[in-house]
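Reader: Please take a close look at one part of this model, the place treated at the start of your answer, and then connect it with the rest of the fold. Kindly state each criterion where it is needed.

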Amino acid sequence: MSTSTPGTVDRAFETALYADTDTALDTGASLLAADPSADAELTQRGEEFIATAWRRGWQPADVVRIVRRELAEAHVRLVSGLIVGAEARHEQPRGRRWAAQLEELDPGTVRTERTDRFSYATAVLELYRLLLRLPALEPLDDPTSKPTRKTPESRMLPRIRALLAKAEATGFPEEAEALTGKAQELMARHSIDEALLAARTPAADAPGACRIGIDPPYETAKATLLDAVAAANRCRAVWNEALGFSTVVGFEPDLEAVELLHTSLLVQATAAMTKAEAAARASGRRRTKTFRQSFLAAYAHRIATRLTSATETQVTEDLLPVLATREAAVTDRTDRLFPETTTTRLRGVNDAAGWTQGAEAADRAQVERHQQLP
């Protein structure tokens, strides 16, 4: 019975991980394929790469997102398995968001699809090359803040999710408008209730942060929409274009609102854009990338006004000091996370039809003023 030679994995890594050529990758994969007893150490090294990513500010969803963006689904299953293995050795409890990200994983290996050891080893080395080069990110866990209050999930959140799901599913613009508007009002009410509760115990509450993926195409317009949703819900969004995500900073109920509403509005925008393109093709006109970019940019621009209007219906003068305090805390946390930021301009927004139809779609999904909730 053969035993693993510690040098097998080291030699494969030295050959393949620090060079970007296919020849180096093939040589490293051949070394691993020839030594089945090296598999356990190979997996252990992968889990160590994952642990290093955590120390550099990455979270499970971030790693899966970048692997899916740069490689293939087989690599996503590989990295998911490594994350599960690494987390099994972690004894300290993680936060709610971290746990939710772990629940979304689909762990597995490529061996069920690729029967030969060489192909499997190639996929592992391709993945490890990527993990090795992950840059440091801003740590989302604030070591200077005190633990956030642990409260059960509000009964309002399932109602909000249900309203947004109906808005996405309906084929009637007026109904989508009413449902989305009601959802934003409930979000604002939920946020204010949390703010008032936190004001009674201010030391127990502090802003948090989460990352939301911005998938191609038309990333700039989608990031603009997320920024509008974040601002309307008293959060700040900072886009990392190179890595394909925005970091949203805010208090927990507001972060929940941003995640829910951004997803819903993006679904509605895509459905409206697809419908507009189908109508254009039926009339013999051809829609282009510029049309879609302009459509989404106008949609984001108009939605910002609608969401802010709906949120303001919930604010009375006695709430202003509490909200101002929380806004200052969010700004401070954002500035500490991102001391240097730049402004990104939307490019390619020069299709008049796209802009007009995008604005009209936002009007149909608009958040109108409704009677203030008691």
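Author: Arg-96 is partly exposed, with a relative accessibility of 49%. On this scale, buried means under 20% relative accessible area, exposed means over 50%, and partly exposed lies in between, for a 1.4 Å probe and protein chains only. The model is a predicted one, in which local features need pLDDT of at least 70 and side-chain atom pairs count only at pLDDT 80 or more, while totals for chains, interfaces and linings use all residues. Residues are numbered from 1 along each chain as its sequence is written, and side-chain values use heavy atoms, with hydrogens and water left out.

The side chain of Arg-96 forms a salt bridge with that of Glu-256, at 3.6 Å from N to O. This pair links distant parts of the chain, with Glu-256 in helix H11 (residues 252–282) and Arg-96 in helix H6 (residues 96–103), 160 residues apart. A salt bridge here is a side-chain nitrogen of Lys or Arg within 4 Å of a carboxyl oxygen of Asp or Glu. Helices (H or I, at least four residues) and strands (E, at least two) are DSSP runs, numbered from the N terminus. Glu-256 counts as buried because its relative accessible area is 11%. The pair belongs to a network of salt bridges that links Arg-96, Arg-97, Glu-252, Glu-256 and Glu-259. By the stated rule, the count of salt bridges comes to 14.

Another of these bridges joins Asp-62 to Arg-211, with the closest N and O atoms 2.5 Å apart. Asp-62 is in helix H4 (residues 60–70) and Arg-211 in strand S1 (residues 208–213), so the bridge ties together parts that are 149 residues apart in sequence. Both partners are buried: the relative accessible area is 3% for Asp-62 and 9% for Arg-211.

Strand S1, which holds Arg-211, is mostly covered, as five of its six residues are buried. S1 is part of an open sheet of three strands, arranged in the order S1-S3-S2 with antiparallel pairing. The edge strands, S1 and strand S2 (236–240), each pair on one side only. From one strand to the next, the twist averages 20°. Two strands pair if DSSP finds at least two bridges between them. S1 and S3 run antiparallel and are joined by six bridges; in one of the pairings, Gly-208 has Gly-250 of S3 as its bridge partner. Five bridges join S2 to strand S3 (residues 245–250), and these two strands also run antiparallel. Val-238 has Thr-247 of S3 as its bridge partner. In a regular strand, side chains alternate between the two faces of the sheet.

The side chains of Arg-117 and Asp-39 meet at 3.0 Å, N to O. Arg-117 lies in helix H7 (residues 117–132) and Asp-39 in helix H3, 78 residues apart, so that distant parts of the chain are linked. Arg-117 is partly exposed, with a relative accessible area of 29%, whereas Asp-39 is buried at 18%.

Two packed helices are described by the angle between their axes and the distance between the axes. The axes of H3 (residues 39–55) and helix H5 (residues 73–88) come within 9 Å and cross at roughly 80°. H3 is therefore roughly perpendicular to H5. Axes are lines fitted to C-alpha atoms, for helices over the stretch in contact, and angles run from 0 to 180 degrees between N-to-C directions. Angles under 35 degrees count as roughly parallel, over 145 as roughly antiparallel, 65 to 115 as roughly perpendicular and the rest as oblique. On the H3 side, the contact is made by Thr-43, Gly-46, Glu-47, Ile-50 and Trp-54, and on the H5 side by Val-79, Leu-82, Ile-83, Gly-85, Ala-86 and Glu-87, contact meaning heavy atoms within 4.5 Å. These residues divide into six nonpolar, three polar and two charged. Ala, Val, Leu, Ile, Met, Phe, Trp, Tyr, Cys and Pro count as nonpolar, Asp, Glu, Lys and Arg as charged, and the others, Gly among them, as polar.

For the protein as a whole, there are 14 helices and three strands. Buried residues make up 47% of its 374 residues. Of the contacts with a separation of 6 or more, 80% are accounted for by residues 24 or more positions apart.
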